[in-house]
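Colleague: Before I rely on any of the labels here, I would like to go through them one by one and hear what each of them rests on.

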Amino acid sequence: MVDVILGLQWGDEGKGKIVDFFAKDYDVVARFQGGPNAGHTLYVNDKKVVLHQIPSGVFHQGIINLIGNGVVLDPITLKKECDTVASFGVDLKKNLFIAERTHLIIPTHRALDKAAELAKGNEKIGSTLKGIGPTYMDKTGRNGLRVGDLLDKDFKSHYNKLKAKHQQLLDNYNFQEDIADWENDFFEAVEFLKQLNIVNGEYFIDEKIKEGKRILAEGAQGTMLDVDFGTFPFVTSSNTTTAGVCSGLGVAPQHIRDVIGITKAYCTRVGSGPFPTELEDETGEELRKLGSEFGATTGRPRRCGWIDLVALNFACMINGVTKIVMTKADVLDTFKELQVCTDYNIDGKNTRQMPLQMGRTKPVPVYKSFPGWTYIGVNVHYISNGPGREQIIEVK
Ligand code: IMO
Ligand code: MG
(Lines give C-alpha, C1' and ligand atoms only; values in the text may rest on other atoms or scores of the structure.)
(Ligands and ions follow the chains in the order given, each with its own letter.)
Protein backbone atom coordinates (compact mmCIF):
# COMPACT_ATOMS: atom_id res chain seq x y z
CA MET A 1 0.00 0.00 0.00
CA VAL A 2 1.35 3.38 -1.01
CA ASP A 3 0.18 6.76 0.26
CA VAL A 4 1.38 9.95 -1.36
CA ILE A 5 2.20 13.35 0.09
CA LEU A 6 2.61 16.11 -2.44
CA GLY A 7 2.35 19.86 -2.93
CA LEU A 8 -0.81 21.40 -4.43
CA GLN A 9 0.69 24.80 -5.22
CA TRP A 10 4.05 26.06 -6.52
CA GLY A 11 6.20 24.19 -4.03
CA ASP A 12 7.25 25.10 -0.48
CA GLU A 13 3.92 24.04 0.99
CA GLY A 14 5.65 22.45 4.00
CA LYS A 15 6.03 18.91 2.65
CA GLY A 16 9.13 18.19 4.77
CA LYS A 17 7.41 18.90 8.05
CA ILE A 18 4.29 16.96 7.13
CA VAL A 19 6.23 13.92 5.87
CA ASP A 20 8.25 13.96 9.09
CA PHE A 21 4.98 14.17 11.06
CA PHE A 22 3.33 11.22 9.28
CA ALA A 23 6.52 9.14 8.86
CA LYS A 24 6.02 7.18 12.09
CA ASP A 25 2.98 5.49 10.51
CA TYR A 26 5.07 4.10 7.63
CA ASP A 27 7.86 1.59 6.99
CA VAL A 28 9.30 3.25 3.88
CA VAL A 29 9.53 6.88 2.73
CA ALA A 30 10.42 7.28 -0.96
CA ARG A 31 11.18 10.27 -3.17
CA PHE A 32 9.84 9.74 -6.72
CA GLN A 33 10.85 12.86 -8.69
CA GLY A 34 12.78 16.10 -8.59
CA GLY A 35 16.26 16.55 -7.27
CA PRO A 36 18.30 19.04 -5.28
CA ASN A 37 15.97 21.84 -6.44
CA ALA A 38 13.79 20.70 -3.53
CA GLY A 39 14.37 22.13 -0.06
CA HIS A 40 12.43 20.25 2.60
CA THR A 41 12.79 21.84 6.01
CA LEU A 42 12.37 19.88 9.21
CA TYR A 43 13.30 20.32 12.83
CA VAL A 44 15.24 17.59 14.60
CA ASN A 45 15.83 18.13 18.31
CA ASP A 46 14.93 21.80 17.67
CA LYS A 47 17.65 22.06 15.04
CA LYS A 48 16.65 23.12 11.54
CA VAL A 49 17.69 20.73 8.77
CA VAL A 50 17.02 21.28 5.07
CA LEU A 51 16.93 18.12 2.96
CA HIS A 52 17.35 18.33 -0.81
CA GLN A 53 17.89 14.76 -1.93
CA ILE A 54 17.27 12.45 1.01
CA PRO A 55 13.64 11.58 1.87
CA SER A 56 12.23 13.33 4.95
CA GLY A 57 11.75 10.07 6.90
CA VAL A 58 15.47 9.72 7.47
CA PHE A 59 15.42 10.89 11.10
CA HIS A 60 13.03 8.15 12.20
CA GLN A 61 14.56 4.96 13.43
CA GLY A 62 13.53 1.83 11.60
CA ILE A 63 12.16 3.65 8.56
CA ILE A 64 13.70 2.85 5.22
CA ASN A 65 14.29 5.77 2.85
CA LEU A 66 14.44 5.24 -0.88
CA ILE A 67 15.62 7.64 -3.58
CA GLY A 68 13.53 6.39 -6.52
CA ASN A 69 14.38 6.13 -10.20
CA GLY A 70 12.32 9.22 -11.06
CA VAL A 71 14.65 11.44 -9.05
CA VAL A 72 17.72 13.17 -10.53
CA LEU A 73 20.64 12.81 -8.16
CA ASP A 74 23.61 15.10 -7.65
CA PRO A 75 26.30 13.06 -5.85
CA ILE A 76 27.93 16.23 -4.49
CA THR A 77 24.75 17.43 -2.78
CA LEU A 78 23.99 13.90 -1.61
CA LYS A 79 27.37 13.49 0.04
CA LYS A 80 27.07 16.81 1.89
CA GLU A 81 23.61 15.91 3.03
CA CYS A 82 24.67 12.44 4.15
CA ASP A 83 27.39 14.04 6.30
CA THR A 84 24.81 16.33 7.94
CA VAL A 85 22.34 13.52 8.54
CA ALA A 86 25.04 11.19 9.89
CA SER A 87 26.08 13.93 12.36
CA PHE A 88 22.68 13.34 14.05
CA GLY A 89 23.65 9.72 14.60
CA VAL A 90 21.63 8.31 11.68
CA ASP A 91 23.10 5.11 10.22
CA LEU A 92 22.69 5.57 6.46
CA LYS A 93 23.93 2.10 5.71
CA LYS A 94 20.78 0.85 7.41
CA ASN A 95 18.15 3.27 6.24
CA LEU A 96 19.09 4.88 2.91
CA PHE A 97 18.62 3.08 -0.42
CA ILE A 98 19.12 4.43 -3.93
CA ALA A 99 17.51 3.05 -7.08
CA GLU A 100 20.03 2.07 -9.74
CA ARG A 101 17.92 3.63 -12.51
CA THR A 102 18.15 7.11 -10.93
CA HIS A 103 19.73 9.60 -13.34
CA LEU A 104 22.89 11.44 -12.34
CA ILE A 105 23.40 15.19 -12.43
CA ILE A 106 26.94 15.82 -13.63
CA PRO A 107 28.81 19.15 -13.36
CA THR A 108 28.17 20.12 -17.01
CA HIS A 109 24.40 19.71 -16.41
CA ARG A 110 24.67 22.48 -13.88
CA ALA A 111 26.70 24.62 -16.28
CA LEU A 112 24.08 24.01 -19.01
CA ASP A 113 21.28 25.05 -16.65
CA LYS A 114 23.05 28.37 -16.11
CA ALA A 115 23.81 28.84 -19.81
CA ALA A 116 20.18 28.14 -20.80
CA GLU A 117 18.81 30.57 -18.22
CA LEU A 118 21.22 33.30 -19.27
CA ALA A 119 20.24 32.82 -22.90
CA LYS A 120 16.55 33.22 -22.02
CA GLY A 121 17.19 36.72 -20.63
CA ASN A 122 13.89 38.28 -19.50
CA GLU A 123 12.05 35.05 -20.12
CA LYS A 124 14.18 33.07 -17.71
CA ILE A 125 12.40 30.45 -15.63
CA GLY A 126 14.11 31.35 -12.39
CA SER A 127 15.57 27.85 -12.12
CA THR A 128 17.40 26.85 -8.97
CA LEU A 129 20.37 26.17 -11.34
CA LYS A 130 20.93 22.71 -9.88
CA GLY A 131 21.02 21.08 -13.32
CA ILE A 132 17.49 19.65 -13.14
CA GLY A 133 16.26 20.58 -16.64
CA PRO A 134 19.39 19.43 -18.54
CA THR A 135 19.49 16.12 -16.62
CA TYR A 136 15.85 15.29 -17.40
CA MET A 137 16.53 16.32 -21.00
CA ASP A 138 19.34 13.78 -21.14
CA LYS A 139 16.97 11.18 -19.68
CA THR A 140 14.22 11.69 -22.26
CA GLY A 141 16.86 12.37 -24.92
CA ARG A 142 18.38 8.98 -24.04
CA ASN A 143 21.86 10.25 -23.27
CA GLY A 144 21.96 10.29 -19.48
CA LEU A 145 23.99 8.34 -16.96
CA ARG A 146 22.40 6.42 -14.11
CA VAL A 147 23.48 5.48 -10.62
CA GLY A 148 23.87 1.83 -11.66
CA ASP A 149 26.34 2.92 -14.36
CA LEU A 150 28.77 4.02 -11.65
CA LEU A 151 29.53 0.39 -10.99
CA ASP A 152 30.52 -0.09 -14.64
CA LYS A 153 34.29 -0.15 -15.15
CA ASP A 154 33.88 2.08 -18.23
CA PHE A 155 31.98 4.76 -16.32
CA LYS A 156 34.71 7.37 -16.85
CA SER A 157 34.61 6.99 -20.61
CA HIS A 158 30.77 7.25 -20.67
CA TYR A 159 31.11 10.33 -18.51
CA ASN A 160 33.66 11.88 -20.87
CA LYS A 161 31.42 11.21 -23.88
CA LEU A 162 28.48 12.96 -22.25
CA LYS A 163 30.68 15.80 -21.08
CA ALA A 164 31.97 16.29 -24.65
CA LYS A 165 28.35 16.55 -25.91
CA HIS A 166 27.64 19.10 -23.22
CA GLN A 167 30.76 21.04 -24.09
CA GLN A 168 29.50 21.47 -27.65
CA LEU A 169 26.21 22.80 -26.36
CA LEU A 170 28.00 25.14 -23.97
CA ASP A 171 30.13 26.39 -26.88
CA ASN A 172 26.94 27.05 -28.82
CA TYR A 173 25.70 29.13 -25.93
CA ASN A 174 29.11 30.79 -25.87
CA PHE A 175 29.19 30.01 -22.18
CA GLN A 176 32.38 29.32 -20.30
CA GLU A 177 32.76 28.12 -16.79
CA ASP A 178 35.63 26.46 -15.02
CA ILE A 179 34.19 23.21 -13.73
CA ALA A 180 37.48 21.67 -12.54
CA ASP A 181 36.60 22.02 -8.84
CA TRP A 182 33.09 20.66 -9.41
CA GLU A 183 34.55 17.70 -11.23
CA ASN A 184 36.93 16.90 -8.38
CA ASP A 185 34.07 17.07 -5.91
CA PHE A 186 31.92 15.00 -8.24
CA PHE A 187 34.35 12.09 -8.50
CA GLU A 188 35.04 12.18 -4.79
CA ALA A 189 31.30 12.08 -4.13
CA VAL A 190 30.87 9.26 -6.65
CA GLU A 191 33.26 7.09 -4.62
CA PHE A 192 31.17 7.86 -1.55
CA LEU A 193 27.91 7.11 -3.37
CA LYS A 194 29.21 3.72 -4.51
CA GLN A 195 29.50 2.71 -0.84
CA LEU A 196 25.80 3.39 -0.19
CA ASN A 197 23.00 0.85 -0.75
CA ILE A 198 22.32 0.82 -4.49
CA VAL A 199 19.30 -1.35 -5.27
CA ASN A 200 16.88 -2.27 -7.99
CA GLY A 201 14.17 0.15 -6.82
CA GLU A 202 11.16 -1.47 -8.49
CA TYR A 203 11.82 -4.96 -7.06
CA PHE A 204 12.75 -3.38 -3.73
CA ILE A 205 9.36 -1.60 -3.52
CA ASP A 206 7.49 -4.62 -4.86
CA GLU A 207 8.94 -6.77 -2.12
CA LYS A 208 7.88 -4.23 0.52
CA ILE A 209 4.36 -4.08 -0.92
CA LYS A 210 4.12 -7.89 -0.90
CA GLU A 211 5.27 -7.95 2.72
CA GLY A 212 2.37 -5.62 3.55
CA LYS A 213 4.65 -2.71 4.42
CA ARG A 214 3.32 0.84 4.38
CA ILE A 215 5.03 3.14 1.92
CA LEU A 216 4.88 6.93 1.81
CA ALA A 217 5.80 8.61 -1.48
CA GLU A 218 7.17 12.11 -0.86
CA GLY A 219 6.67 14.64 -3.62
CA ALA A 220 8.92 17.59 -4.34
CA GLN A 221 7.95 20.93 -5.91
CA GLY A 222 4.19 21.27 -6.43
CA THR A 223 1.37 20.55 -8.86
CA MET A 224 1.57 23.96 -10.52
CA LEU A 225 5.24 23.22 -11.35
CA ASP A 226 4.40 19.87 -13.02
CA VAL A 227 5.91 19.68 -16.52
CA ASP A 228 2.54 18.65 -18.03
CA PHE A 229 -0.06 20.36 -15.85
CA GLY A 230 1.78 23.34 -14.37
CA THR A 231 2.21 26.86 -15.70
CA PHE A 232 4.38 25.71 -18.61
CA PRO A 233 7.05 26.74 -19.52
CA PHE A 234 7.56 28.17 -16.02
CA VAL A 235 7.67 24.73 -14.41
CA THR A 236 10.18 22.14 -13.34
CA SER A 237 11.06 19.17 -15.58
CA SER A 238 9.30 16.28 -13.83
CA ASN A 239 5.80 15.05 -13.05
CA THR A 240 5.26 16.35 -9.56
CA THR A 241 1.75 14.85 -9.45
CA THR A 242 0.42 11.44 -8.34
CA ALA A 243 1.07 9.97 -11.79
CA GLY A 244 4.78 10.59 -11.14
CA VAL A 245 4.69 8.06 -8.28
CA CYS A 246 4.00 5.18 -10.69
CA SER A 247 6.78 6.05 -13.12
CA GLY A 248 9.15 7.40 -10.48
CA LEU A 249 9.12 4.33 -8.24
CA GLY A 250 7.83 1.55 -10.46
CA VAL A 251 4.58 1.22 -8.51
CA ALA A 252 1.37 0.14 -10.25
CA PRO A 253 -1.60 2.53 -9.84
CA GLN A 254 -3.79 0.08 -7.91
CA HIS A 255 -1.33 0.13 -4.99
CA ILE A 256 -1.93 3.83 -4.37
CA ARG A 257 -4.37 4.53 -1.53
CA ASP A 258 -4.42 8.00 0.04
CA VAL A 259 -3.17 11.11 -1.71
CA ILE A 260 -2.46 13.74 0.91
CA GLY A 261 -2.27 17.15 -0.69
CA ILE A 262 -0.55 20.02 1.08
CA THR A 263 -1.49 23.64 0.62
CA LYS A 264 -0.49 26.75 2.45
CA ALA A 265 -3.29 28.93 3.80
CA TYR A 266 -2.09 31.46 1.22
CA CYS A 267 0.08 31.16 -1.91
CA THR A 268 3.76 31.58 -2.66
CA ARG A 269 5.96 31.10 -5.67
CA VAL A 270 9.73 31.42 -6.26
CA GLY A 271 11.09 32.04 -9.71
CA SER A 272 9.22 33.51 -12.66
CA GLY A 273 5.86 32.71 -14.22
CA PRO A 274 2.17 33.49 -13.81
CA PHE A 275 0.72 33.88 -10.32
CA PRO A 276 -2.78 35.40 -10.56
CA THR A 277 -3.30 36.10 -6.85
CA GLU A 278 0.14 37.63 -6.28
CA LEU A 279 0.16 40.69 -4.00
CA GLU A 280 2.80 43.21 -4.90
CA ASP A 281 1.83 45.54 -2.06
CA GLU A 282 2.22 45.80 1.74
CA THR A 283 -0.08 42.81 2.28
CA GLY A 284 2.27 40.66 0.19
CA GLU A 285 5.20 42.09 2.10
CA GLU A 286 3.50 41.26 5.39
CA LEU A 287 2.84 37.67 4.32
CA ARG A 288 6.51 37.33 3.37
CA LYS A 289 7.64 38.73 6.68
CA LEU A 290 5.22 36.84 8.92
CA GLY A 291 5.65 33.60 6.99
CA SER A 292 9.47 33.93 6.62
CA GLU A 293 8.96 33.34 2.93
CA PHE A 294 12.51 32.97 1.67
CA GLY A 295 13.64 29.97 -0.41
CA ALA A 296 15.11 27.01 1.50
CA THR A 297 17.35 26.11 -1.45
CA THR A 298 18.29 29.48 -2.94
CA GLY A 299 17.41 32.01 -0.23
CA ARG A 300 15.40 34.03 -2.75
CA PRO A 301 12.40 36.02 -1.40
CA ARG A 302 9.20 34.18 -2.33
CA ARG A 303 6.38 35.97 -4.14
CA CYS A 304 3.28 35.94 -1.92
CA GLY A 305 -0.48 36.20 -2.48
CA TRP A 306 -3.93 35.01 -1.43
CA ILE A 307 -5.03 31.39 -1.69
CA ASP A 308 -6.20 30.41 -5.18
CA LEU A 309 -9.09 27.93 -5.19
CA VAL A 310 -9.16 27.64 -8.99
CA ALA A 311 -5.59 26.30 -8.90
CA LEU A 312 -6.26 24.28 -5.76
CA ASN A 313 -9.33 22.52 -7.19
CA PHE A 314 -7.38 21.79 -10.35
CA ALA A 315 -4.57 20.28 -8.29
CA CYS A 316 -7.04 18.11 -6.33
CA MET A 317 -8.52 16.86 -9.60
CA ILE A 318 -5.19 16.01 -11.26
CA ASN A 319 -3.84 14.26 -8.17
CA GLY A 320 -6.98 12.53 -6.91
CA VAL A 321 -6.45 14.11 -3.50
CA THR A 322 -8.20 12.26 -0.66
CA LYS A 323 -7.01 14.43 2.26
CA ILE A 324 -5.89 18.03 2.49
CA VAL A 325 -3.38 19.41 4.95
CA MET A 326 -3.31 23.18 5.31
CA THR A 327 -0.03 24.63 6.54
CA LYS A 328 1.11 28.01 7.86
CA ALA A 329 -2.35 28.80 9.20
CA ASP A 330 -0.73 30.77 12.04
CA VAL A 331 0.69 33.29 9.55
CA LEU A 332 -2.81 34.63 8.83
CA ASP A 333 -3.72 35.03 12.51
CA THR A 334 -3.24 38.79 12.56
CA PHE A 335 -5.15 39.49 9.35
CA LYS A 336 -8.66 40.88 10.05
CA GLU A 337 -9.93 40.11 6.58
CA LEU A 338 -8.77 37.33 4.28
CA GLN A 339 -9.33 37.06 0.54
CA VAL A 340 -9.95 33.80 -1.26
CA CYS A 341 -9.86 33.57 -5.05
CA THR A 342 -12.89 31.55 -6.20
CA ASP A 343 -12.88 32.27 -9.94
CA TYR A 344 -10.70 33.66 -12.69
CA ASN A 345 -12.07 36.43 -14.82
CA ILE A 346 -10.80 36.10 -18.39
CA ASP A 347 -11.96 38.62 -20.99
CA GLY A 348 -14.89 39.63 -18.81
CA LYS A 349 -16.07 36.06 -18.15
CA ASN A 350 -15.77 34.14 -14.89
CA THR A 351 -14.36 30.63 -15.05
CA ARG A 352 -13.23 27.95 -12.60
CA GLN A 353 -11.03 26.23 -15.16
CA MET A 354 -7.29 26.55 -15.49
CA PRO A 355 -6.42 28.24 -18.81
CA LEU A 356 -3.64 26.86 -21.02
CA GLN A 357 -1.46 29.91 -20.94
CA MET A 358 -1.99 32.21 -18.01
CA GLY A 359 0.77 34.44 -19.35
CA ARG A 360 -1.35 35.18 -22.41
CA THR A 361 -4.88 35.05 -20.96
CA LYS A 362 -3.95 37.00 -17.82
CA PRO A 363 -6.77 35.86 -15.54
CA VAL A 364 -7.98 38.43 -13.02
CA PRO A 365 -8.77 36.78 -9.68
CA VAL A 366 -12.31 37.12 -8.35
CA TYR A 367 -12.22 37.24 -4.56
CA LYS A 368 -14.54 36.46 -1.73
CA SER A 369 -13.56 37.97 1.64
CA PHE A 370 -13.74 36.20 4.95
CA PRO A 371 -13.28 37.50 8.48
CA GLY A 372 -10.31 35.36 9.52
CA TRP A 373 -10.37 31.58 9.62
CA THR A 374 -13.93 30.78 8.61
CA TYR A 375 -13.08 29.84 5.04
CA ILE A 376 -11.64 26.45 5.88
CA GLY A 377 -13.91 23.96 4.21
CA VAL A 378 -14.89 20.42 5.10
CA ASN A 379 -12.13 18.90 3.02
CA VAL A 380 -9.27 20.01 5.23
CA HIS A 381 -8.10 17.14 7.46
CA TYR A 382 -5.15 18.71 9.24
CA ILE A 383 -4.08 22.26 9.97
CA SER A 384 -0.47 23.03 10.75
CA ASN A 385 0.07 26.19 12.76
CA GLY A 386 3.84 26.39 13.24
CA PRO A 387 7.08 24.68 12.26
CA GLY A 388 7.34 22.38 15.30
CA ARG A 389 6.45 18.67 15.13
CA GLU A 390 3.62 19.09 17.65
CA GLN A 391 2.08 22.16 15.98
CA ILE A 392 -0.56 20.34 13.96
CA ILE A 393 -4.28 19.94 14.60
CA GLU A 394 -6.52 17.19 13.26
CA VAL A 395 -9.85 18.54 12.03
CA LYS A 396 -12.63 16.16 13.04
P1 IMO B 1 10.24 22.10 -2.88
O2 IMO B 1 10.29 20.62 -3.03
C3 IMO B 1 9.58 25.92 -4.87
C4 IMO B 1 10.93 26.31 -9.04
C5 IMO B 1 12.09 27.23 -9.33
C6 IMO B 1 11.75 27.66 -10.74
C7 IMO B 1 11.16 26.40 -11.34
C8 IMO B 1 12.14 25.54 -12.13
O9 IMO B 1 11.12 22.65 -1.83
O10 IMO B 1 8.83 22.59 -2.76
P11 IMO B 1 14.24 24.04 -11.55
O12 IMO B 1 15.39 24.24 -10.61
O13 IMO B 1 13.41 22.85 -11.25
O14 IMO B 1 14.69 24.10 -12.99
O15 IMO B 1 13.31 25.33 -11.35
O16 IMO B 1 10.67 25.63 -10.25
N17 IMO B 1 11.21 25.28 -8.01
C18 IMO B 1 10.70 25.29 -6.77
N19 IMO B 1 9.94 26.20 -6.14
N20 IMO B 1 9.91 24.80 -4.22
C21 IMO B 1 10.65 23.85 -4.84
O22 IMO B 1 10.87 22.64 -4.28
C23 IMO B 1 11.13 24.09 -6.15
N24 IMO B 1 11.89 23.41 -7.03
C25 IMO B 1 11.93 24.14 -8.16
O26 IMO B 1 12.11 28.32 -8.44
O27 IMO B 1 10.74 28.63 -10.74
MG1 MG C 1 11.21 24.20 -0.58
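Modeller: Let us start with Phe 229, which is found in the loop between strand E10 (215–218) and helix H9 (243–249); helices (H or I, at least four residues) and strands (E, at least two) are DSSP runs, numbered from the N terminus. This is a predicted model, in which local features need pLDDT of at least 70 and side-chain atom pairs count only at pLDDT 80 or more, whereas totals for chains, interfaces and linings use all residues. Residues are numbered from 1 along each chain as its sequence is written, chains are lettered from A and ligands numbered from 1 in the order in which they are written, and side-chain values use heavy atoms, with hydrogens and water left out.

Colleague: Why is Phe 229 called partly exposed?

Modeller: Buried means under 20% relative accessible area and exposed over 50%, with partly exposed in between, using a 1.4 Å probe and protein chains only. Phe 229 has a relative accessible area of 37% and therefore counts as partly exposed.

Colleague: And which class do Thr 236 and Ser 238 fall into?

Modeller: Thr 236, which lies in the loop between E10 and H9, has 11% relative accessibility and so counts as buried. Ser 238 has its place in the loop between E10 and H9, and at 4% relative accessibility Ser 238 is therefore buried too.

Colleague: What makes the pair of Thr 236 and Asn 37 a polar contact?

Modeller: A polar contact is a pair of N or O atoms within 3.5 Å; within protein, one must be able to donate a hydrogen and the other to accept it, and residues adjacent in sequence count only if both atoms are side-chain atoms. The side chains of Thr 236 and Asn 37 make such a contact at 3.3 Å.

Colleague: Which residues count as donors to the magnesium ion?

Modeller: Donors are N, O and S atoms within 2.8 Å of the metal (3.2 Å for Na, K and Ca), and sites may look incomplete because water is not among the atoms. The magnesium ion (ligand 2) is coordinated by Asp 12 (OD) and Gly 39 (O), at 2.1 to 2.7 Å. The two residues are 27 residues apart, with Asp 12 in the loop between strand E1 (2–7) and helix H1 (15–22) and Gly 39 in the loop between strand E2 (28–31) and strand E3 (40–44). Asp 12, at 22% relative accessibility, is partly exposed, whereas Gly 39, at 15%, is buried.

Colleague: How many residues surround ligand 1?

Modeller: There are 21, the closest being Asp 12, Lys 15, His 40, Thr 128 and Thr 236; a residue is taken as near if one of its heavy atoms lies within 4 Å. An oxygen atom of ligand 1 is 2.7 Å from an N or O atom in the side chain of Lys 15, and an oxygen atom of the ligand is 3.0 Å from an N or O atom in the side chain of Arg 300.
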